[in-house]
Each structure stands twice: as C-alpha cells, then as structure tokens.
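User: Hello! I would like to go through this model with you, one topic at a time. Could you take my questions as they come?

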Amino acid sequence: MVRRVGLTPERLALAGAELADEVGFEQVTVSALARRFDVKVASLYSHVRNSHDLKTRIALLVLREMADRAAAALAGRAGKDALVALANVYRDYAHEHPGRYAAGRQPLDPETAAASAGVRHSQMTRAVLRGYDLAEPEQTHAVRLLGSTFHGYVSLELAGGFSHSSPDSQESWTRVLDALDALLRSWPAAPQAPSEPSEPS
C-alpha cells in the first residue's frame, strides 16, 4: 500500500513506472494504481483520463530518465567510447527496470512524441554518429540500425534468449558493439541511382 496524500499526475506516473517494474507494463492500469493507493478508481480520473493516458505519462517519464542517463554517460566521449556508452545506457536501464523499459516502447502520437525526450535520444544518437562522419540520408539509416540492434539484443536477452548457450551474453554484446563500430567506420557507399536511357538521335 502507498500513501494516498498529494496525488498528482506526476506521482501517478512514477507509481505506475514502479508497478511496471514489479508486475510488467501490460498489467499497469488505473484500477491497479487505485488498489496500490487504496482509493476508488474514480478518484484517479481527475489526474489521468484513462489507462492509455497513464501509460503515455509513464512512457514520457521513462524517456526522460533514459535521456538524462545517456547525457551523463556521453559527456566528454566521442567515437567508439560514445557508442559503447550509449548502448550500455539502454542495456543497463532495461536490466534494472524491465517494466519501465517496456514502457519506453509505448507508441506515442506525433505531437506527443515531438514534445517528448525521445527527441533528445535522437539528437544524442546523431551526436555519436558525427564521430563517424556520416552525411544524410546515411546518418538516419545508421540511427535506425543502432536503435534496432540495441533494442533487439536487449529484448532477446531479457527474454532469456541467450541464457542456454556459450559464449556468455556479455561477450557477445561486446563483440556486437565492436562490429557496429567497424561498420560505422567503413559505411558502404549509397547505391547510385540508375541513369536515364538517352533518347535516340
């Protein structure tokens, strides 16, 4: 049971994030929070509109938390050091806060996403990639590669996908980051657009 005094949207979002780590993000609802605070469900609707609104607020909180961690980790780093630091922020956060991490994948509408700390995540990833001298649109391709690799690896790891074979998952993670660094340093040239056939004279 949690003290009910001073309920606010921010406090509900934080309590929802804590609940997500305990029982899973999918289990977080307004009803579940009402039980946590020992209040009637209706009393929470003056602070959040519904469970979707609650989950959106949790997602925004998580994006801020991870962005703050990433900013601190990246300070003074560049190149591979920055790449590894950024990757480890996501992996460490996911292991420490699996429910929160899942909340960070919550789809946001375009307006909410544009005003969220997700923008900072993109900016920091692009700052890392500036150390690899990638111009657009290749930089955007690389942003998507890093995001999908980090999230894919961490999601499989959290699901136990690497628990039953050697080598150790940490060793593979290190080698994955080595491979990403090597790829970014020798990024393939963009394919040339086919030339238009010449008109017969």
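Predicted model: local features only at pLDDT ≥ 70, side-chain atom pairs only at ≥ 80, totals over all residues.

User: How much space lies in the largest pocket?

Analyst: Two or more lining residues come from each of α4, α5, α8 and α9. Of the 22 lining residues, those nearest the centre are Leu63, Tyr90, Arg105, Gly118 and His121. With grid points joined across faces, edges and corners, and volume taken as the space filled by probe spheres set on the points, the pocket holds about 570 Å³.

User: How many of the lining residues are charged?

Analyst: Here Ala, Val, Leu, Ile, Met, Phe, Trp, Tyr, Cys and Pro count as nonpolar, Asp, Glu, Lys and Arg as charged, and the others, Gly among them, as polar. The lining has eleven nonpolar and ten polar residues, and the charged count is one.

User: Which residues touch the most other members of the largest nonpolar core?

Analyst: A nonpolar core is a set of buried Ala, Val, Leu, Ile, Met, Phe, Trp, Tyr and Cys residues joined through side-chain atoms within 4.5 Å. Buried means under 20% relative accessible area, exposed over 50%, and partly exposed in between, using a 1.4 Å probe and protein chains only. Among the 53 members of this core, the residues asked for are Leu33, Leu44, Ile58, Leu83, Leu129, Phe150 and Leu184.

User: With which residues is Leu33 in contact, leaving aside its neighbours within four places in sequence?

Analyst: Contact means heavy atoms within 4.5 Å. By that rule, the partners of Leu33 beyond those neighbours are Leu12, Ala15, Gly16, Leu19, Leu44 and Leu54.

User: Is Ala103 buried or exposed?

Analyst: Ala103 is found in helix α6. Beyond its neighbours within four places in sequence, Ala103 is in contact with Phe25, Ile58, Ala59 and Val62. Its relative accessible area is 0%, so Ala103 is buried.

User: Where does Pro137 lie?

Analyst: The peptide bond from Glu136 to Pro137 is cis, with omega near 0°. As background, most peptide bonds are trans. Pro137 lies in the loop between α8 and α9.

User: Is Asp133 buried or exposed?

Analyst: Asp133 is also in the loop between α8 and α9. Although not a glycine, Asp133 has a positive phi of about 55°. Its relative accessible area is 72%, so Asp133 is exposed.

User: What is the phi of Asp38?

Analyst: Asp38 lies in the loop between α2 and α3 (41–44). At 43% relative accessibility, Asp38 counts as partly exposed. Asp38 is not a glycine, yet its phi is positive, at about 55°.

Note on methods. Residues numbered from 1 in each chain as written. Heavy atoms only, no water. 1 Å grid on protein atoms, 1.4 Å probe; cavity = no way out; pocket = protein on both sides within 12 Å on 5 of 7 lines; lining within 4 Å. Helix = DSSP H or I, 4+ residues; strand = E, 2+ residues; numbered from the N terminus.
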